[in-house]
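Me: Can you walk me through this one? I'm new to reading structures.

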Amino acid sequence: MKRLATLIVITANLIFGVHLVLNGTLGAEDVMFFVSSALVLCWIRSGLLSRDLKFDEEFFHYDKDIKIPLSSITAIKLGLSSNLQHDRYWRIQYKVSDSDEKSITVLPSVTNDNFMKFLRAVEARNPSVETDMFKFELLWGFMPKITWRVRG
């Protein structure tokens, strides 16, 4: 998905650039097109638009090397830090052994309900997991809206 979106933005810029060279004009709206295209390309490449968590029925795949059993996750809590767009990080705590516990942080996507599905999958495998409130909805059928708060 990221590669396809990048290819589309670069192709649009190339076609538009050739059009400008053939016409010999460069106006303010042309500059705005290139600036907005560059911003979209940066958002796509940084993963801002696609931060899906990878998980299945049994494991949370944090990266290529770390697979965490969903049943070993003990808490999914809203973190104190956020990124530049004010999206909040979430801390996932899990048991490594009977006495050892680790935690990782994730930044859920703001464009789909993947994190909500992850929460449901963890709660299905481990009903005693502690989670904060997270809600994803589509306003007017197309505009994503997420809300979160500390439970309690």
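This is a predicted model: local features need pLDDT of at least 70, side-chain atom pairs count only at pLDDT 80 or more; totals for chains, interfaces and linings use all residues.

Me: How many helices and strands does the protein chain have?
Reply: The protein chain has three helices and nine strands.

Me: What pattern do they follow along the sequence?
Reply: The pattern reads α-α-β-β-β-β-β-β-α-β-β-β.

Me: How much of the protein chain is buried?
Reply: Buried residues account for 31% of the 152 residues.

Me: And what about contacts between residues at least 24 apart?
Reply: Take the contacts between residues at least 6 apart in sequence. Of those, 43% join residues at least 24 apart.

Me: OK, strands. What holds strands of a sheet together?
Reply: Strands of a sheet pair through backbone hydrogen bonds, and the pairing is either parallel or antiparallel.

Me: In what order do E1, E2 and E3 sit?
Reply: The order is E1-E2-E3, and these three strands form an open sheet with antiparallel pairing. The edge strands are E1 (54-55) and E3 (67-69), each of which pairs on one side only.

Me: How many bridges join E1 to E2?
Reply: Two bridges join E1 to E2 (residues 59-61). Look for Lys54, which stands opposite His61 in E2.

Me: Now E4. Which way does E4 run against E5, parallel or antiparallel?
Reply: Antiparallel. E4 (residues 73-82) pairs with E5 over six bridges. Ala75 stands opposite Gln93 in E5.

Me: And E4 with E7, parallel or antiparallel?
Reply: Parallel this time, over two bridges. Ala75 turns up again here: in E7, its bridge partner is Glu130.

Me: Back to E5. What joins E5 to E6?
Reply: A hairpin through five residues. E5 and E6 (residues 101-106) run antiparallel, with six bridges between them.

Me: Which residue in E6 does Ile92 stand opposite?
Reply: Ile92 stands opposite Ile104.

Me: New topic. Where is Asn126?
Reply: Asn126 is in the loop between helix H3 (114-125) and strand E7 (130-131).

Me: Is Asn126 buried or exposed, and why?
Reply: Asn126 counts as buried because its relative accessibility is 12%. The cut-off for buried is under 20%.

Me: Which residues does Asn126 touch, leaving out those up to four places away in sequence?
Reply: Asn126 touches Leu70, Ser71, Ile73 and Thr74.

Me: Which backbone oxygen lies 2.6 Å from a polar atom of the Asn126 side chain?
Reply: That of Ile73. The backbone oxygen of Ser71 lies 3.5 Å from a polar atom of the Asn126 side chain.

Me: Last topic, cavities. How many of 30 Å³ or more are there?
Reply: The structure holds one. The largest cavity has about 40 Å³ of space.

Me: Which residues line the largest cavity?
Reply: Its lining is made up of Asp87, Arg88, Trp90, Leu107, Pro108, Ser109, Val110, Phe134, Ile146 and Trp148. The elements giving two or more residues to that lining are strand E5 (88-95) and strand E9 (143-149).

Me: How does the lining of the largest cavity split by class?
Reply: Seven residues are nonpolar, one is polar and two are charged.

Me: So where do I look again for E5?
Reply: In several places. E5 pairs with E4 over six bridges. Six bridges also join E5 to E6. And E5 gives two or more residues to the lining of the largest cavity.

Key. Residues are numbered from 1 along each chain as its sequence is written. Side-chain values use heavy atoms; hydrogens and water are left out. On a 1 Å grid over the protein atoms alone, a cavity is a set of points where a 1.4 Å probe fits but cannot get out, and a pocket is an open set with protein on both sides within 12 Å along at least five of seven lines; lining residues have an atom within 4 Å of a point. Grid points are joined across faces, edges and corners, and a volume is the space filled by probe spheres set on the points. Helices (H or I, at least four residues) and strands (E, at least two) are DSSP runs, numbered from the N terminus. Ala, Val, Leu, Ile, Met, Phe, Trp, Tyr, Cys and Pro count as nonpolar, Asp, Glu, Lys and Arg as charged, and the others, Gly among them, as polar. Two strands pair if DSSP finds at least two bridges between them. Buried means under 20% relative accessible area, exposed over 50%, partly exposed in between (1.4 Å probe, protein chains only). A polar contact is a pair of N or O atoms within 3.5 Å; within protein, one must be able to donate a hydrogen and the other to accept it, and residues adjacent in sequence count only if both atoms are side-chain atoms. Contact means heavy atoms within 4.5 Å.
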